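I open the notebook with a plain plan. I look up the core, then the surface, then the charged pairs.

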Amino acid sequence: MKTMQALQEEVHTYINGFKEGYFPPMELIARLTEELGELSREVQHVHGMKKKKNTETVKSLEEETGDLLFVLICFANSQGIRLDEALEKVLMKFKERDVDRWTKKEEQ
């Protein structure tokens, strides 16, 4: 399994293979919103009440999640953000802030 840092490096190598490079930040945010909408549509089709029409293409949740992650990595790379470090900080925040917020499972 690849680390997040390795995934970011792989995306960076791919993007740097093109003269255009990374899109500007606002364009990447718009793309993130678009990809989230596409993932939301697939979740609605699979788990919700609103199924797709026969004329609409069904994509997998995995594919749409991958598209969203790719654009998120592009945004992070363009802003010099290491996603593994960002996630670690957020996890620590949740662990400290929400220590007694949720009902813990009993150890078996």
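Which residues does Leu 32 touch, not counting residues up to four places away in sequence? I looked it up in what is a predicted model. Leu 32 touches Leu 68, Val 71 and Leu 72.

**Entry: the core**

I next listed the largest nonpolar core. It has twelve residues. Leu 32 is one of them, and so are Leu 68 and Val 71. I then asked which helices supply it. Helices α1 (4-15), α2 (25-47) and α3 (61-78) each supply at least two residues of this core. The most comes from α3, which gives five residues.

Which residues make the nonpolar surface patch of about 310 Å²? I found Leu 87, Val 90, Leu 91 and Phe 94 there. I took Leu 91 for a closer look. Leu 91 sits in helix α4, residues 83-97. Its relative accessible area is 34%, so Leu 91 counts as partly exposed.

I moved to Arg 41, a residue of helix α2. What does Arg 41 contact, leaving aside its neighbours within four places in sequence? I wrote down Lys 50, Lys 51, Lys 52 and Glu 56. I also checked the backbone oxygen of Lys 50. A polar atom of the Arg 41 side chain lies 3.0 Å from that oxygen.

Lys 52 came up again when I looked at salt bridges. Lys 52 forms one with Glu 42, and the closest N and O atoms are 2.3 Å apart. This pair links distant parts of the chain. Are the two partners buried or exposed? I read both Lys 52 and Glu 42 as buried.

I followed the loop on to Thr 57, which is placed between α2 and α3. Leaving aside neighbours within four places in sequence, Thr 57 is in contact with Glu 42 and Lys 52. I noted a C-alpha separation of 9.8 Å between Thr 57 and Glu 42, which are 15 residues apart along the chain. Is Thr 57 buried or exposed? Its relative accessible area is 55%, so Thr 57 is exposed.

**Entry: other salt bridges**

How many salt bridges are there? I have nine in the count. I looked at two more of the pairs.

Glu 10 was next, in helix α1. The side chains of Glu 10 and Lys 2 meet in a salt bridge, at 2.5 Å from N to O. Glu 10 is partly exposed because its relative accessible area is 44%. I also took the C-alpha separation of Glu 10 and Glu 106. It is 40 Å, for residues 96 places apart along the chain.

Then I turned to Arg 82 and Asp 84. Their side chains meet in a salt bridge of 2.7 Å, N to O. Salt bridges that share partners join Arg 82, Asp 84 and Glu 85 into one network. Arg 82 has 34% relative accessibility, so I put it down as partly exposed. Asp 84 has 27%, so Asp 84 also counts as partly exposed.

Key
Residues are numbered from 1 along each chain as its sequence is written. This is a predicted model: local features need pLDDT of at least 70, side-chain atom pairs count only at pLDDT 80 or more; totals for chains, interfaces and linings use all residues. Side-chain values use heavy atoms; hydrogens and water are left out. A nonpolar core is a set of buried Ala, Val, Leu, Ile, Met, Phe, Trp, Tyr and Cys residues joined through side-chain atoms within 4.5 Å. Buried means under 20% relative accessible area, exposed over 50%, partly exposed in between (1.4 Å probe, protein chains only). Helices (H or I, at least four residues) and strands (E, at least two) are DSSP runs, numbered from the N terminus. Contact means heavy atoms within 4.5 Å. Patches are made of residues with over 30% relative accessible area and no salt bridge: like charges are joined within 9 Å, nonpolar side chains (Val, Leu, Ile, Met, Phe, Trp, Tyr) within 5 Å. Accessible areas come from the Shrake-Rupley method with a 1.4 Å probe; for residues, only the protein chains shown count as cover. A salt bridge is a side-chain nitrogen of Lys or Arg within 4 Å of a carboxyl oxygen of Asp or Glu. A polar contact is a pair of N or O atoms within 3.5 Å; within protein, one must be able to donate a hydrogen and the other to accept it, and residues adjacent in sequence count only if both atoms are side-chain atoms.
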